[in-house]
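Here is a friendly walk through one protein chain, with the coordinates at hand for anyone who likes to follow along. Keep the viewer open and pick out residues as they come up.

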Amino acid sequence: MLHVIVYKERKITVVIPCLNEEKGITEVLSHMPPFVDEVIVVDNDSTDRTAEVACAHGAHVIHEKVRGYGRAYKTGLFHAQGDIIVTLDGDHSYPVDAISYLLEVFLHSKVGFLAASRFPLKNKQAMSFKHLVGNKILSLAMSILFFRWVRDSQSGMWVFGRECLDAMDLRSDGMAFSEEIKIEAIRRPEIGFKEIYIDYSNRMGEIKLQPWRDGFRNLGFLVRKRFTARRKAPRRAGSGCNLEEQA
């Protein structure tokens, strides 16, 4: 649902990819701040009532039948109409009430892309040991390969200017998308990248991440991304990240 409220003269879109998140999406949308102009829920071929529940809470639901974390995100991001896009998962593990805080940090950060980092974990029960170790390995690999220290390469909560998408070459349809969109921000000086800490809690609903399979796939993706020639991202007239407007 698109409202007429704006946040400091910017329209805000929240994009949420969902696969069978009937329980979590209820909590997420129930706590959505009133200044958010547009909420897009991408229903990634769910078999539960995720889409129905999201519609009942006023979200704009887009159906993406081809499953994949990155595929769902790309579908949602390129439908977004806001000046600033905020992302989070539909399992209620990321703090919805932190959106205003993240927006304030973003508007004063002089970068086009702000990533929320879950580390150090305040709630030790929020992430399994396997997921924690895998994240540390992938974050270290990404930091080494792309010459920039990244604390949480797998975080799914970001804030960025919509126009920055025009400068990005986003290819992944899978879990590696969370790494790729950060890499694109890091690689492109006209965007700029920063991380900031957020609290992280236990997810609601089923766990879909498969640590070993997804971990090796993500590691392979990082290597390919580093040594594959970059394509020139398509641009619209007047596109690009204007950092002065965001400051």
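Tyr69 and Tyr73 are four residues apart in helix 3 (residues 69-77), so about one helical turn separates them. An α-helix has 3.6 residues a turn, so residues three or four places apart point the same way. In this predicted model, the two rings form an edge-to-face aromatic pair, with 5.1 Å from centre to centre and 90° between the planes. Both Tyr69 and Tyr73 are buried.

**Aromatic contacts**

The model has eight aromatic pairs. Through ring pairs, Tyr69 and Tyr73 belong to a cluster that also takes in Phe113, Trp158, Phe160, Phe177 and Phe193.

Which parts of the chain does the pair of Tyr94 and Tyr200 link? Tyr94 sits in the loop between strand 4 (84-87) and helix 4, while Tyr200 sits in the loop between strand 7 (193-197) and helix 7 (211-227), 106 residues apart. Tyr94 is buried because its relative accessible area of 2% is under the 20% limit. Tyr200, at 11%, is buried too.

| Aromatic pair | Centre to centre | Angle between planes |
|---|---|---|
| Tyr69 and Tyr73 | 5.1 Å | 90° |
| Tyr94 and Tyr200 | 5.4 Å | 65° |

Tyr200 has a charged neighbour as well: Arg118 lies over the face of its ring, at 4.9 Å from the ring centre. Arg226 is placed over the face of Phe227, with 5.3 Å to the ring centre.

**Strands and their partners**

Strand 4 pairs with two other strands. Strand 1 (12-18) runs parallel to strand 4 and is joined to it by four bridges, with Ile12 standing opposite Ile84. Strand 6 (residues 158-161) pairs with strand 4 in the antiparallel sense over three bridges, and here Ile85 stands opposite Phe160. Phe160 is also one of the rings in the aromatic cluster.

Where do the side chains of strand 4 point? Ile84 and Val86 point one way, Ile85 and Thr87 point the other way, and all are buried. In a regular strand the side chains alternate between the two faces of the sheet.

Strand 2 (residues 38-43) and strand 3 (residues 60-63) form a parallel pairing with four bridges. Within this pairing, Val41 has Val61 of strand 3 as its bridge partner. Together with helix 2 (residues 50-56), strand 2 and strand 3 make a right-handed β-α-β unit.

In soluble globular proteins, nonpolar side chains tend to be buried together. The largest nonpolar core here holds 39 residues, and those that touch the most other members are Ile16, Leu29, Met32, Val41, Ile99 and Leu103. At least two residues of this core come from each of strand 1, helix 1 (22-30), strand 2, helix 2, strand 4, helix 4 and strand 5 (113-117). Which element gives the most to this core? Helix 4 does, with five residues.

**Backbone details worth a check**

The peptide bond from Phe119 to Pro120 is cis, with omega near 0°. Pro120 belongs to the loop between strand 5 and helix 5 (129-146).

Asn20 is not a glycine, yet has a positive phi of about 55°. The loop between strand 1 and helix 1 contains Asn20, which is buried at a relative accessible area of 13%. His92, likewise not a glycine, has a positive phi of about 65°. This residue is placed in the loop between strand 4 and helix 4. Is His92 buried or partly exposed? With a relative accessible area of 23%, His92 is partly exposed.

Finally, Gly220 is part of helix 7 and counts as partly exposed at 24% relative accessibility. Its C-alpha atom is separated by 9.4 Å from that of Ala176, a residue 44 positions away along the chain.

Definitions and conventions
Residues are numbered from 1 along each chain as its sequence is written. This is a predicted model: local features need pLDDT of at least 70, side-chain atom pairs count only at pLDDT 80 or more; totals for chains, interfaces and linings use all residues. Side-chain values use heavy atoms; hydrogens and water are left out. Rings of Phe, Tyr and Trp (its six-membered ring) pair if their centres lie within 6.5 Å; planes under 30 degrees apart count as stacked, over 60 as edge-to-face and the rest as tilted. Buried means under 20% relative accessible area, exposed over 50%, partly exposed in between (1.4 Å probe, protein chains only). A charge sits over a ring if NZ of Lys or CZ of Arg is within 6 Å of the ring centre and within 35 degrees of the ring normal. Two strands pair if DSSP finds at least two bridges between them. A crossover is right-handed if, with the strands pointing away from the viewer, the path from the first strand over the helix to the second runs clockwise. A nonpolar core is a set of buried Ala, Val, Leu, Ile, Met, Phe, Trp, Tyr and Cys residues joined through side-chain atoms within 4.5 Å.
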